[in-house]
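Colleague: I am new to this one. Could you walk me through it, question by question?

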Amino acid sequence: MPLSKLHARRAAVAVLLLGALSGAACRKGPLAGASGPAAAEARADALFLAEAPVVVPEEIGPELDAMGVRRLFVSAASLAAGGQIRPFPPPPSRVPRPVVLVLMGEPGAEGGLRGGSPEALGEAWAAGTTRLVAEAKDWAEVHGVHVHLVPTAGDAAALATALGVLKSRLPGLTVSATLRAGAPEGTWKPLAGAVDEALVLTFGRRPETADAFVSEMTEGEAKTFPIPFRLLAIPGSYGVAGSGARARRLPDGEMDKLSEDRNLDFDFASVLSSDPGNIYSFKPRTGFEKARNLLSDDGGRARFDVLPFADLVRLVSASARWSAPRLAGRVFLVDGVPRDGRLSGYPAIRALLTGKPWEPSLRVEAIEEKTRGGEVWLRVSNPGPTPSELSRFGNQITIRLEGGVFTGLGAGDFDRFEIFASARDLTQPAPFGRATACRLFENFFAPEESNELGPIRIAGKSPRMFVTYQLTLPDGRTIDGAEAEVAIPAPPAPRAATKAPARRQPPLPRLKKR
């Protein structure tokens, strides 16, 4: 990772604590200078559920309340360049929150804004949307309609006309649209009156952004934005396996499985890159090119471009302090709830908005049902909602014994281990029977991942076990866990040799007198 990028990310440490306060800060008071729906929902947060059919379990309702999520943007239909709207399958049960129906633009859908009549396009949108809204009332309380395209600055006038027609056909509902940050000042002014608000895509990437990361909105841009808006952030990312027509996208959560494939290796293309985020490339391990691996059907290679969650924390914390009169809140796009296969998905957003810890950490405990005298099994888990960095040596745990030695060790789910004579000098290896310290390495700790380690065989009269850990984070920082003792049962004491009792000879028979 370039030093400039590393230094910039380390600056996030100073504002991480503000993440716990940002939810409250972003929901203070009415919007100055705003009116209508944006003012009523002043500084409120929302989720954008991009996968269909949408499923929202009732049990997460209290979580959404704690997060301050007032509404859900739900993927309801596709939108073609010609204005055709094709509904997605409806949810299997009623959505327990007010919803905004999202028209998800198909690839190239924004091209419909160019060359044709924007009025006719708006009429086509309105015809399909009217039917969509009527059908959606069976499974949701519909508050609005959102058009999710990625228009360019040159599309502003045509987009405003089409959206104005759509809004005129949907009385009582809000109308909004997705825009990109970074346009010249005044670009989106034609949309004033045509939409109630915009979702400004300011973090992450999607296929509709041509797989490129979008620019972050600046405070200066936010101050002069001409219409009420919310920041749209995409915390999860993905990779691309294969190439050409056979290329496919993989959720970045697949990095965990790929890192465990012994026939694959990985490297870090971002070391020499000026692109935002981290780049991870998987390829066949040297000497195992012909061996079967998880990417064999894709040519054996995949590349993932991922933004650290710490970058989103920094943006959220900074935007909470912006003096932007038309900023109405934030919207976080995830594929689904409560899980979506991304490294930073709904659980990470939930932690951020409720002030809970969002960084990874490790918890080590004995597995009681497997542990018995002289043999120990450990469970090492990451309870955090975000991952560690992918690293060969940066994620490790160290086990130190007092009053005992290692006589055997199974690495379990860990990638490799080393054993040493003493924890005071972890450069001097030692054989089993003399080693009192070991260090185990794991390439990657995924969110909420749990690894088993064992069997660990220990000899000694009354051994005690102490564990520390180090995690490297995707933004370049490291976390060192304080040493903690793990309670283990004492090995069984060897049986003392006992002398066998002497056999009692039966009495001699008496001789009869003659």
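**Helix α10 and onward**

Modeller: Start with α10, in which Tyr346, Pro347, Ala348, Ile349, Ala351, Leu352 and Leu353 are buried. Keep in mind that this is a predicted model.

Colleague: How many of the nine residues of α10 are buried?

Modeller: The helix runs over residues 346-354 and is mostly covered. Buried here means under 20% relative accessible area. Of its nine residues, the buried number seven.

Colleague: What share of the 514 residues in the chain is buried?

Modeller: The chain holds 10 helices and 24 strands. Among contacts between residues at least 6 apart in sequence, 73% join residues at least 24 apart. Of the 514 residues, the buried share is 53%.

Colleague: Which residues touch the most other members of the largest nonpolar core?

Modeller: That core has 81 residues. Helix α6 (residues 156-168) gives the largest share, seven residues. Those that touch the most other members are Leu47, Leu101, Trp125 and Leu163.

Colleague: How many residues are in the other core, apart from the largest?

Modeller: This core lies apart from the 81-residue one. Its members include Ile399, Leu401, Phe406 and Phe414. The count is 28 residues.

Colleague: Which elements do the buried residues of α5 pack against?

Modeller: Trp125 is one of the buried residues of α5, along with others including Leu121, Ala126 and Leu132. Leaving aside residues up to four places away in sequence, Trp125 touches Leu159, Ala162, Leu163 and Leu166, among others. The buried residues of α5 pack against β2 (69-79), β3 (85-87), β4 (99-105), β5 (142-148) and α6.

Colleague: How far apart are the end C-alpha atoms of α5?

Modeller: Helix α5 (residues 118-136) has 19 residues. At 1.5 Å a residue, they should span 27 Å. The model agrees, because its end C-alpha atoms are 26 Å apart.

Colleague: Which strands stand at the edges of the five-strand open sheet?

Modeller: The order is β10-β9-β13-β12-β11, with antiparallel pairing. Each edge strand has a single partner, so one side of it is left without a neighbour in the sheet. The edge strands are β10 (248-251) and β11 (264-268).

Colleague: What is the bridge partner of tyrosine 238 in β13?

Modeller: Strand β9 (residues 238-241) pairs with strand β13 (residues 302-306). They are antiparallel, over four bridges. The partner of tyrosine 238 is aspartate 305.

Colleague: How many residues lie between β23 and β24 in their hairpin?

Modeller: Strands β23 (residues 464-472) and β24 (residues 478-486) run antiparallel and are joined by seven bridges. Glycine 476 sits in the turn, with a positive phi of about 100°. The residues between the strands number five.

Colleague: What is the angle between the planes of phenylalanine 225 and phenylalanine 229?

Modeller: The structure holds nine aromatic pairs. In this one, both residues are buried. The rings of phenylalanine 225 and phenylalanine 229 are 4.9 Å apart, centre to centre. The pair is tilted, and the angle between the planes is 55°.

Note on methods:
Residues are numbered from 1 along each chain as its sequence is written. This is a predicted model: local features need pLDDT of at least 70, side-chain atom pairs count only at pLDDT 80 or more; totals for chains, interfaces and linings use all residues. Side-chain values use heavy atoms; hydrogens and water are left out. Two strands pair if DSSP finds at least two bridges between them. Helices (H or I, at least four residues) and strands (E, at least two) are DSSP runs, numbered from the N terminus. A nonpolar core is a set of buried Ala, Val, Leu, Ile, Met, Phe, Trp, Tyr and Cys residues joined through side-chain atoms within 4.5 Å. Buried means under 20% relative accessible area, exposed over 50%, partly exposed in between (1.4 Å probe, protein chains only). Contact means heavy atoms within 4.5 Å. The expected span of a helix is 1.5 Å times one less than its number of residues. Rings of Phe, Tyr and Trp (its six-membered ring) pair if their centres lie within 6.5 Å; planes under 30 degrees apart count as stacked, over 60 as edge-to-face and the rest as tilted.
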